Amino acid sequence: MLGEAITALERRRQGRFGIGGDPSLLAVVLRGLDAAHMRAPEWLLTDAADVLNQRRSSEATAELADALARHRSGQPLVANAVAAAFRADKWTDADAPYARWWLASRRKEVDHQLSARAIDDARLQALAVADPLNGKAAAMVLEAAARASGELIITSAATLSADRSRKDRRMQAELAGYRGAFLSMIWVAGLIFVHRLAHAAASVVSATSAHPYRQTIVGVLIALLVFTVAESCGAIAKAYGRDQPRWATGIEFAGATAAGIIAATVS
Amino acid sequence: MARPLQPSPDAQATVLGVVQRAQERLPERDASLADRLFVLECAARGGRAVLPTVERYRPALREAEWWLDETWEPDVPHAAVVGQALSAANALEVDPPSN
């Protein structure tokens with residue numbers, strides 16, 4: 001049936017009884033084609049592109065954006081359609097927030113085309129007013145709100161912000177810990193293979209004894225190890241809001257140097 | 001281990017209040033078939049919270065099937081109804097109106 005109708009409508013495309021100029025009709029036909037696993041004909045997409053350049057309600061444009069997003073060949077038009085549905089600064093209508101929230105809740109593609117703020121605004125306005133004028137807008141807000149039931153959370157901005165910053169702090173501390181552990185492993189590996197390293201260094205400069213090289217390498221590696229551990233502890237403390245005092249940084253350098261010298265002397 | 005955020009009762013009440021108000025504005029029985037089928041599709045995609053709405057508008061699908069069988073012409077009103085009926089049937093995961 002739909003294929004037959006599409007063929008007939010293509011012939012009447014430019015006439016009074018065509019569907020070209022009506023975004024809702026274009027959307028319903030595109031939805032039907034998708035449900036029937038049929039490709040959207042080129043002329044339908046051309047008409048959709050033309051409609052998107054005209055001034056239409058957000059509701060009709062949102063419907064068209066959703067329908068276009070269902071077809072691979074309609075993808076190039078989706079960004080335009082989404083932008084047209086969310087173009088609040090140029091024109092708007094009372095039912096626009098419902099259509100926008102509906103489109104954002106139905107189509108993940110919208111996330112790539114719009115800022116989170118635009119979607120949040122649409123949801124906020126839809127929830128705040130919740131008084132759609134026409135039946136289609138009511139159906140749209142019904143779907144979006146029903147999908148959101150069980151997902152939305154009302155909390156204070158301060159609580160949410162504290163929760164987020166707690167997570168951020170933990171992540172920063174973990175990263176500092178991993179970084180410190182990785183570097184420490186390298187220094188420890190150097191200490192394990194210190195004899196080979198010392199012999200390699202001595203053979204490069206044709207030295208008779210590898211002992212001074214071993215002492216130097218042990219001293220440097222121990223100093224680096226102490227410094228890495230101290231620096232990691234400082235970074236973890238900083239992630240939790242406890243900035244390291246300047247004297248502690250000085251002790252870090254001095255302690256690392258002293259540890260290196262002592263290690264070099266006793267090795 | 002961070003405690004996962006739970007949907008709050010306030011949010012649930014707000015959203016369900018919106019669902020209730022939207023139901024009051026849905027097209028009546030005398031609205032066009034395409035509009036009622038659109039509501040059916042939206043309700044079907046809305047999930048379990050609006051299952052009663054799905055049942056309220058489900059007869060529109062049978063009505064569309066009858067209307068298309070009895071009066072079929074390849075024109076705009078029929079194309080709109082067949083397109084929307086296919087889409088609604090797809091959302092409901094039922095067999096589409098017979099061709």
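Helix 9 of chain A and helix 1 of chain B are roughly antiparallel to each other, because their packing angle is about 155°. The model that shows this pairing is predicted. Chain A has 13 helices and zero strands, and chain B has five helices and zero strands. Across the interface, 39 residues of chain A are in contact with 48 residues of chain B.

**Helix 9 of chain A against helix 1 of chain B**

- The axes of helix 9 of chain A and helix 1 (residues 9–24) of chain B are 9 Å apart.
- Helix 9 of chain A passes helix 1 of chain B in a crossing that is left-handed.
- On the chain A side, the contact is made by A:Ala138, A:Val141, A:Leu142, A:Ala145, A:Ala146 and A:Ala148 of helix 9.
- On the chain B side, B:Val15, B:Val18, B:Val19, B:Ala22 and B:Gln23 of helix 1 make the contact.
- Sorted by class, this helix pair brings together 10 nonpolar residues, one polar residue and no charged residues.

**The side of chain A that touches chain B**

- The interface joins 39 residues of chain A to 48 residues of chain B.
- Helix 1 (2–11), helix 2 (23–35) and helix 9 (135–148) of chain A each supply at least two residues of the side that touches chain B.
- Helix 9 of chain A gives the most to this side, with 12 residues.
- This side of chain A consists of 26 nonpolar, five polar and eight charged residues.

**Helix 12 and helix 13 of chain A**

- Helix 12 (residues 211–239) and helix 13 (residues 246–266) of chain A have axes that come within 7 Å and cross at roughly 150°.
- That angle makes helix 12 of chain A roughly antiparallel to helix 13 of chain A, because angles over 145 degrees count as such.
- The crossing of helix 12 and helix 13 of chain A is right-handed.
- Helix 12 of chain A makes the contact through A:Gln215, A:Thr216, A:Val218, A:Gly219, A:Val220, A:Ile222, A:Ala223, A:Val226, A:Phe227, A:Ala230 and A:Glu231.
- From helix 13 of chain A, the contact residues are A:Glu252, A:Gly255, A:Ala256, A:Thr257, A:Ala259, A:Gly260, A:Ile261, A:Ala263 and A:Ala264.
- By class, the contact of helix 12 with helix 13 of chain A has 12 nonpolar, six polar and two charged residues.

**Helix 4 of chain A**

- Helix 4 (residues 58–69) of chain A has 12 residues and spans 16 Å from its first C-alpha to its last, close to the 16 Å expected at 1.5 Å a residue.
- Helix 4 of chain A is largely enclosed by the rest of the structure, because 12 of its 12 residues are buried.
- The buried residues of helix 4 of chain A include the charged residues A:Glu59, A:Glu63 and A:Asp66.
- Other buried residues of this helix include A:Ser58, A:Thr61, A:Leu64 and A:Leu68.
- The packing partners of these buried residues are helix 2, helix 3 (42–52), helix 5 (75–85), helix 6 (96–106), helix 7 (109–113) and helix 9 of chain A.

- Most residues other than glycine have a negative phi.
- A:Ala130 has a phi near 50°, a positive value in a residue other than glycine.
- A:Ala130 lies in the loop between helix 8 (116–129) and helix 9 of chain A.
- A:Ala130 counts as buried, because 21 C-beta neighbours lie inside 10 Å.
- B:Glu93 is not a glycine either, and its phi is positive at about 60°.
- B:Glu93 is found in the segment after helix 5 (76–92) of chain B.
- B:Glu93 is exposed, with 7 other C-beta atoms within 10 Å.

**B:Glu63**

- B:Glu63 lies in helix 4 (residues 59–71) of chain B.
- B:Glu63 counts as partly exposed, with 16 C-beta neighbours inside 10 Å.
- B:Glu63 and B:Ala85 are 22 residues apart in sequence, and their C-alpha atoms are 9.9 Å apart in space.

**Burial and contacts by chain**

- Buried residues make up 36% of the 267 residues in chain A.
- In chain B, 41% of the 99 residues count as buried.
- Of the contacts in chain A with a separation of 6 or more, 71% are between residues 24 or more positions apart.
- In chain B, 52% of the contacts between residues at least 6 apart in sequence join residues at least 24 apart.

Methods. Residues numbered from 1 in each chain as written. Chains lettered and ligands numbered in written order. Predicted model: local features only at pLDDT ≥ 70, side-chain atom pairs only at ≥ 80, totals over all residues. Contact = placed C-beta atoms within 7 Å. Helix = DSSP H or I, 4+ residues; strand = E, 2+ residues; numbered from the N terminus. Expected span 1.5 Å × (residues − 1). Buried ≥ 20, exposed ≤ 12 C-beta atoms within 10 Å, placed from the backbone. Axes fitted to C-alpha atoms, helices over the stretch in contact; angles between N-to-C directions. Parallel < 35°, antiparallel > 145°, perpendicular 65-115°, else oblique. Left-handed = near helix turned anticlockwise from the far one by under 90°.
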